[in-house]
Amino acid sequence: FASKRVGGDQLMAFTRELATLLRAGLPLDRALETLIGLASTPVVGALLQGVRDDVRGGKALSQALDARSEVFSRFYVNIVRAGEAGGALATVLGRLADTMERNKELRESVKSALIYPTILIGVAVASVMILLVYVVPQFQQTFAQAGKALPFATEAVIWAGTFLKRWWWALILGAVALVAWVRRKLGQPSFRTRFDARLLRLPLAGDLAAKVEVARFSRTLATLLGNGVTLLAALSIVKETLGNRVLAASLDGVTARLREGKGFGRPLVDTGLWPRLATQMILVGEESGRLEEMLGRVADVYDREVAAAVKRFLAVLEPALILGLAVLIGGIVFSILLGVMGMSELVG
């Protein structure tokens, strides 16, 4: 069951280990040979063997990595190329590993925060299904024998339980089909752009999505600039790392105005899409000649902002989920009690 792909954690470990070996004074091909012996999976080992063979054949490391673009992104390759040009490959790889680790921490913090709401939703769905499939049918035969018209709420609950018991497989197939359809639609650029635009307008989720993108954008751009990549080239690379198509597309206009000599910060402000605090900090960094340093600060600020936004989002989501679950289960129970009370009146 080993994965056939090289994962982000494996790539980060390779980067960190290669930086350590190069700092220790090992030649590049010897360092790659050592890492082949330490490879965690056969796929990683095969990848490193190919890179080593290319390096021994006279190619630069960046060229060997660029030939494997399905694993190594443009961002990764350009950082390595800049390190080779500056003669500081080990240092650059260490910085690259740090950036990858910070980006991973950002993603993991968001994922970890969503574990509890996901469990809560799962418990809610399971509870409702148990009530409708196993509990409600226990009363159905009794209600039928009473021969009295049931309240609408009771009939609705009984109908829902019967439908779920008979057609559960259709609901599962429908859910799978819906997920497949959404994934296919998200692969279409026009639909994805509309989806991302609506996401940014959502009250809490939109704010969180924008802050995650700003943190990633700032740290990636700071890393590229710090390793000698020009601002124009860096913006082209950073655009590919953004998950939100609307924010990524806004960089096209920024790049065009940068080529015209109108700077970077002001065009970014004029898009009206990026958070005001981030754009103002970037503008100040550009005007003071400390853009790289300010981008690093923006990334740090928005790492903290993301953590705070996640807490605010969960502070609203969790009580809403608990209240919704209580109302739903209470409604089912109350509907059954209405039917039971109707039967009691009939007996009386």
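**Exercise 1. Find how many cavities of 30 Å³ or more the structure holds, and describe the lining of the largest.**

The structure holds 1 cavity of 30 Å³ or more. This is a predicted model: local features need pLDDT of at least 70, side-chain atom pairs count only at pLDDT 80 or more, and totals for chains, interfaces and linings use all residues. Residues are numbered from 1 along each chain as its sequence is written, and side-chain values use heavy atoms, with hydrogens and water left out.

Step 1. Take the volume, the space filled by probe spheres set on the points. For the largest cavity it is about 30 Å³.

Step 2. List the lining: Val-6, Gln-10, Leu-11, Phe-14, Val-44, Leu-47 and Leu-48. Helices are DSSP runs (H or I, at least four residues), numbered from the N terminus.

Step 3. Sort by class. The lining has 6 nonpolar, 1 polar and no charged residues. Ala, Val, Leu, Ile, Met, Phe, Trp, Tyr, Cys and Pro count as nonpolar, Asp, Glu, Lys and Arg as charged, and the others, Gly among them, as polar.

**Exercise 2. Describe the largest pocket by volume, lining and main contributor.**

Step 1. A pocket is an open set of grid points with protein on both sides within 12 Å along at least five of seven lines. The largest has a volume of about 750 Å³.

Step 2. Its lining has 27 residues; Leu-11, Val-71, Ser-73, Met-100 and Arg-107 lie nearest the centre.

Step 3. H6 gives the most to this lining, with 5 residues. By class, the lining divides into 12 nonpolar, 6 polar and 9 charged residues.

**Exercise 3. Locate the kink in H8.**

Step 1. H8 covers residues 152-186 and spans only 40 Å between its end C-alpha atoms, whereas a straight helix of 35 residues would span 51 Å at 1.5 Å a residue.

Step 2. The kink is about 75° and is centred on Trp-167. The bend at a residue is the angle between axes fitted to the seven residues ending there and the seven starting there.

Key: Helices (H or I, at least four residues) and strands (E, at least two) are DSSP runs, numbered from the N terminus. The expected span of a helix is 1.5 Å times one less than its number of residues. On a 1 Å grid over the protein atoms alone, a cavity is a set of points where a 1.4 Å probe fits but cannot get out, and a pocket is an open set with protein on both sides within 12 Å along at least five of seven lines; lining residues have an atom within 4 Å of a point.
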